[in-house]
Amino acid sequence: MDNLSNIGVIRDILDRHGFRFSKSLGQNFLINPSVCPRIAEMGNAKAGFGVIEIGTGIGVLTNELAKRADKVCAIEIDSRLMPVLAETLAEHKNIKIINDDVLKVDIKKLIDEEFQGLEVAVCANLPYYITSPIIMYLLEQRLPVRSVTVLVQKEAALRLCAELGTRDAGAVTVAVRYFSEPKILFNVSRGSFMPAPNVDSAAVRFDIKDTTPEGVSDEGFFFRTVRATFSQRRKTLVNSVSSGLGADKALVAEAAKKASLPENIRPEQLTMEQFISFSECLRTMV
Ligand code: SAM
């Protein structure tokens, strides 16, 4: 079906299926007809590509992806939407719906089984309550994926696409910059959703890099250090890392000194190179 962003059509479908929106699942469906075609086009939904979608709702974005890409695998947690999707996406023969929690799906296996010979992209209007966990889940697995294009709350978009060393940066920013080149694509007003959330959104795309930054000998330790660094934003680097990792403060201070970092530097002031040299120094001490 092509008019899935029309409020009257959505109401009719949902009423007939007795569907009620779930706030806890982040169900804000798109009702602005210009948004999904733009996400699909800017998100690499095209010939030669298989696309993974996370969170179908009634299939408004799924429909646009299936029109453009060779194949779509769409993951939706809410089983109440399965009969809805059977109706709204009936005309497409290139869609596989997976009724599961995206964080429990083996995405690497899914790509191997479903997208043989295709390049792969991820596109989604993400449920806001788990934006960062989903993005971390996708990035940290080093999936053979060209890009991840997602609609997220504007504040999350700013954090995800922030430059390291600036106030908006957080642990997820370091992961994003480690694995990808992030870019804000366009803004989407809160009125583009039903029900309307309290904040505006933005579409962002992460172009996955072929190589990650040099000098990290243990990625697990590196990301544990990064998370500890941001665990207590108001504290200095040394204080937040020693309490976040449960490490001796004097040792952490020594590692910071060895990495040529000022004693009272704050977590959000570090560049990628400084994160790497600090975690490498720390790794040999704790
Ligand atoms: N793509 C639709 C649209 O743009 O109108 C719906 C987007 S809505 C913001 C997020 C969707 O993600 C909902 O359909 C929700 O049920 C689904 N969802 C929430 N948590 C999920 C999870 N852990 N795994 C898969 N889907 C999830």
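Analyst: Let us begin at the start of helix 1, where a side-chain oxygen of Asn 6 comes to within 2.8 Å of the backbone nitrogen of Gly 8. Such a polar contact is a pair of N or O atoms within 3.5 Å; within protein, one must be able to donate a hydrogen and the other to accept it, and residues adjacent in sequence count only if both atoms are side-chain atoms. Helices (H or I, at least four residues) and strands (E, at least two) are DSSP runs, numbered from the N terminus. This is a predicted model: local features need pLDDT of at least 70, side-chain atom pairs count only at pLDDT 80 or more, and totals for chains, interfaces and linings use all residues. Residues are numbered from 1 along each chain as its sequence is written, and side-chain values use heavy atoms, with hydrogens and water left out.

User: Which residues of helix 1 are buried?

Analyst: An α-helix has 3.6 residues a turn, so residues three or four places apart point the same way. In helix 1 (residues 7–16), the buried residues are Val 9, Ile 10, Ile 13 and Leu 14. Viewed down the axis, they fall within an arc of 120°, so they line one face of the helix; the arc is that of the directions from the helix axis to the C-beta atoms. Buried means under 20% relative accessible area, exposed over 50%, partly exposed in between (1.4 Å probe, protein chains only). Their cover includes strand 1 (29–30), helix 4 (82–88) and strand 8 (193–194), contact being heavy atoms within 4.5 Å.

User: How many disulfides does the structure hold?

Analyst: A disulfide is a covalent bond between the sulfur atoms of two cysteines. Here the count is 0, the criterion being a pair of cysteine sulfur atoms within 2.5 Å. Cys 36 is in no disulfide, and the nearest cysteine sulfur, that of Cys 123, is 10 Å away. Cys 36 is buried, with a relative accessible area of 3%; Cys 123 is also buried, at 0% relative accessibility.
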